[in-house]
Amino acid sequence: MQNFSTIVPVVAIALIDTSGRVLMQKRRLGSVHGGLWEFPGGKVEASETPAAALIREISEELGLVVEAGALNPLTFATDPGQPHVILLYTCRSWSGEPECLDGEQIAWFAPEALTSLAMPPLDMPLAKAVQLLLR
């Protein structure tokens with residue numbers, strides 16, 4: 001097993017609309033895992049808390065305003081061979097309409113459809129946790 005001296009915290013969000021659908025984002029084609037569906041989010045900067053990073057990322061990627069009090073931690077995902085740890089939050093309240101500002105596409109999916117999407121390996125256990133939550 002590889003030894004990583006620094007863990008890279010990544011935050012992600014499962015936005016859940018009033019119909020119980022979840023917003024997913026397709027990664028840019030030229031990026032790592034390009035063209036795959038993921039939960040929107042990104043890396044936590046050194047000076048940020050996870051909540052602050054998620055609020056910033058959602059503003060940059062989707063043009064939404066999310067309040068820290070609307071974020072609910074759900075689960076995390078990691079792989080022993082990678083330094084990344086993804087912290088997944090859920091959110092049912094935000095201001096604005098989601099726009100695709102930093103990916104190829106965004107779309108709303110029924111919870112049962114999440115695990116049928118092509119997604120990066122670390123997003124799959126997150127999708128399963130969201131499905132369990134929304135059963």
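Strand 1 is mostly covered, with 6 of its 8 residues buried. The model described here is predicted. Strand 1 pairs with strand 6 in the parallel sense, over 8 bridges. Within strand 6, Cys91 stands opposite Leu15. In strand 4, Gly41 stands opposite Ala12. Strands of a sheet pair through backbone hydrogen bonds, either parallel or antiparallel.

An open sheet of 3 strands has the order 3-2-7. Its pairing is antiparallel. Strand 3 and strand 7 stand at the edges. Each has a single partner strand, so one side of each is left without a neighbour in the sheet. Strand 2 and strand 3 are joined by 2 bridges in the antiparallel sense. Here Lys26 has Trp37 of strand 3 as its bridge partner.

Trp37 also takes part in an aromatic pair, with Phe109. The model holds 2 aromatic pairs in total. The ring centres of Trp37 and Phe109 lie 5.1 Å apart, and their planes meet at 80 degrees. Planes over 60 degrees apart count as edge-to-face, so this pair is edge-to-face. The pair links distant parts of the chain. Trp37 belongs to strand 3 (residues 37–38) and Phe109 to strand 7 (residues 105–109), 72 residues apart. Trp37 has a relative accessible area of 8% and is buried. Phe109 also counts as buried, at 16% relative accessibility.

The other pair is formed by Trp94 and Trp108. The ring centres of Trp94 and Trp108 are 6.1 Å apart. Their planes stand at 20 degrees, so the pair is stacked. Trp94 lies in the loop between strand 6 and strand 7, whereas Trp108 lies in strand 7. The pair therefore ties together parts that are 14 residues apart in sequence. Trp94 is partly exposed, with a relative accessible area of 22%. Trp108 is partly exposed as well, at 26%. Burial requires a value under 20%, so Trp94 at 22% does not count as buried.

Helix 2 carries a set of buried residues: Asp123, Leu126, Ala127, Ala129, Val130 and Gln131. Several strands are included in what covers these residues. They are strand 1, strand 2 (22–26), strand 3, strand 5 (72–78) and strand 6.

The largest pocket contains about 600 Å³ of space. A total of 26 residues line the largest pocket. Val10, Arg27, Glu38, Gly42 and Ile86 are the closest to its centre. By class, the lining has 11 nonpolar, 7 polar and 8 charged residues.

Conventions:
Residues are numbered from 1 along each chain as its sequence is written. This is a predicted model: local features need pLDDT of at least 70, side-chain atom pairs count only at pLDDT 80 or more; totals for chains, interfaces and linings use all residues. Side-chain values use heavy atoms; hydrogens and water are left out. On a 1 Å grid over the protein atoms alone, a cavity is a set of points where a 1.4 Å probe fits but cannot get out, and a pocket is an open set with protein on both sides within 12 Å along at least five of seven lines; lining residues have an atom within 4 Å of a point. Grid points are joined across faces, edges and corners, and a volume is the space filled by probe spheres set on the points. Ala, Val, Leu, Ile, Met, Phe, Trp, Tyr, Cys and Pro count as nonpolar, Asp, Glu, Lys and Arg as charged, and the others, Gly among them, as polar. Rings of Phe, Tyr and Trp (its six-membered ring) pair if their centres lie within 6.5 Å; planes under 30 degrees apart count as stacked, over 60 as edge-to-face and the rest as tilted. Helices (H or I, at least four residues) and strands (E, at least two) are DSSP runs, numbered from the N terminus. Buried means under 20% relative accessible area, exposed over 50%, partly exposed in between (1.4 Å probe, protein chains only). Contact means heavy atoms within 4.5 Å. Two strands pair if DSSP finds at least two bridges between them.
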